[in-house]
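Dear colleague,

Please find below the structure that I am handing over to you.

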Amino acid sequence: MSASLTLGHAEAALRPRARRHARHLLPWLLLSPLLLLLAVFTYWPLLHTIYLSVVDVRLYQPDRFVGLANYQGLFRSPSFSAAAWNTVIYIALSLPLKVLLPIPIAVFVWCAGARMAALHRSILFVPTLLSFVVVSILWIWMLNPVMGMFQSVLRPLGLQMPALLSDASTAIYTIIGVSAWKVIGFNALLYLAGLASIPRELIESMRLDGASDWRITRSLLLPLLSPTIYFVAITSVLFTVQQVFTPINIMTGGGPANATTNLFYLAYEMAFESFNIGFASATALLLFIGLGALAALKAWLLGRRVHYA
Amino acid sequence: MRNAAPLTLTPPWRAIGNIVLFIATLSIVVPLLLVIATSLKPPTEIHGGLPWPQEPTLGNYGDVFDKIPLGLYFWNSAATTALRVGGQLAVALLAAYAFARFEFRGRDLLFALTLGAMMLPHSLTFLPTYLMISWLGWFDSWWGLIVPNLAAPVGVFLLRQHMLAFPRDLLDAAAIDGAGPWRALWLVILPNIQPALAAIGILLFIDCWNEYFWPLIITESQNAMTVQIGIRRFLDAERGDELGPLMAGVVLVSLPAMAVFLWFQRRILETFVSAGLKG
């Protein structure tokens, strides 16, 4: 009875096979735009990158297969080793700033009264809304040793503002700081959402048993927060490698003397400044392989300790 | 966060907490106020002097339009963002409907490939995509900005979650009343997931408006250049003597995302945070 009702129009009831056929095709019809786009603009380029990394692309001539020559060329190039090493520095120094520092901020906001917490949430979100272009321009200006904001505070005190961005020994740390400034607030909001979902009864009962704030934090809050910490750690790696492109491009251009370039930026430069498509593709692939290995390592190290509440 | 403070901090910890939050707030608010203040300064006050303007003027906001074709950049950004986000939502809505409401062979594999696309960085695919766009003749055009970005796996994922949570009874009732799958999507599901759709749209809007890498490599003239690229070019061109107009431009470029945020504050915070957690 109900089956015949759900079939709907009489026409469909008369031709069940045709209708079943249409039902079969419908999900594919719905999916076709997405699948077409992903195939053309994500998965095909992925395969094409692999291809480009093992050929020599020549104008007006067919591509020449060169095996691993592009990779060998990369390993010999000093800018590649500089970029690879910088990528490691970017990730290693960004992780504590972006993953750990937001935790106490979130806990303190959480402990503030409801009205203060709402205000803090809004303020913490603002750097997420600004584009990285705006953030980069903002900090170039703040840090400018001649006419920036910091120097106008330091000069009356008889101090000189160091040229952080044009000094090879400080430029990369400056960019790490700026990119952390952009995301710390957002990550704190992620932790705040995690904290808000912790049942109050658990905290109350620990307190009744005489536990201190520190003990509650260490043995209740942090374990329950661990899925969020894990998630933030994973996304921060990808974010650091990708998004730091903009501050590098705007604030230093990879310099001075390759001090701030990373593998993504190097791939961009090879593609659009030296027009070496093979090297650029090989760099992008090596970066991807490195990130994949890092993600697997982290999943193995952290995954075992994550507590899903 | 309905109850009072979850932890009753001891006085030293409370002091530390207040200091931490004070510094965090200051580090965000002060630079922004300085930018706004500088954008309001007349040329004579730009260098040296006080951080705030003594004779505030909106002159810089007019000047920036004379120095660069900011109006055209705004038009390019607004139009391509609107078209792209609209397209992303439409594509994601249809795909999420298929993933959430239909059984078919290969569904789980295709869903995994969709999520996998989220993990594939731009850095890996930008070169072939760029070559393809040039080959199609879409370099330096709106097409090049819009079409390669129309698939938004995050949107598919979030919309699917919402559709899975959708009450089955309502759909059954619609089917009994003779609604086919299209009518069910259009008349039953769509009105009910509108808040989620709006929130995801806002998320995609901010993402697109602020994008830098793709428009940097795919545009080169006023035909398609977006505000982010325009303001960046202005930074290169000015030699320190046009700080006022530059800062006015920075404020203008940031306004749309800020305005959207102020309008939909609560919803954005919820969406971003849940998207972050699940995505």
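Asn258(A) lies in the loop between helix 13 and helix 14 of chain A. Please bear in mind that this is a predicted model. The backbone at Asn258(A) has a positive phi of about 60°, although the residue is not a glycine. Asn258(A) counts as partly exposed because it has 18 C-beta neighbours inside 10 Å, and a residue needs 20 or more to be buried.

Ala257(A) belongs to the loop between helix 13 and helix 14 of chain A. Ala257(A) is likewise not a glycine and has a positive phi, of about 55°. With 11 C-beta neighbours inside 10 Å, Ala257(A) counts as exposed, since the limit for that class is 12 or fewer.

The bond from Gly255(A) to Pro256(A) is cis, with omega near -10°. Pro256(A) is found in the loop that runs between helix 13 (245-252) and helix 14 of chain A.

I turn next to helix 14 itself. Helix 14 (residues 263-272) of chain A packs with helix 5 (residues 78-100) of chain A at an angle of about 145°, and their axes are 8 Å apart. Helix 5 contributes Ser79(A), Phe80(A), Ala83(A), Ala84(A) and Thr87(A) to this contact, while Leu263(A), Tyr265(A) and Leu266(A) come from helix 14. By class, six residues of the contact are nonpolar and two are polar, with no charged residues.

As for chain A as a whole, there are 15 helices and two strands. Of its 309 residues, 37% count as buried. Taking contacts in chain A between residues at least 6 apart in sequence, 67% join residues at least 24 apart.

Finally, there is the interface between the chains. On the chain B side, 71 residues are in contact with 75 residues of chain A. Helix 1 (residues 11-39) of chain B supplies the largest share of the side of chain B that touches chain A, namely 13 residues. That side of chain B comprises 51 nonpolar residues, 19 polar residues and one charged residue.

With kind regards

Technical notes
Residues numbered from 1 in each chain as written. Chains lettered and ligands numbered in written order. Predicted model: local features only at pLDDT ≥ 70, side-chain atom pairs only at ≥ 80, totals over all residues. Axes fitted to C-alpha atoms, helices over the stretch in contact; angles between N-to-C directions. Helix = DSSP H or I, 4+ residues; strand = E, 2+ residues; numbered from the N terminus. Contact = placed C-beta atoms within 7 Å. Nonpolar A, V, L, I, M, F, W, Y, C, P; charged D, E, K, R; others polar.
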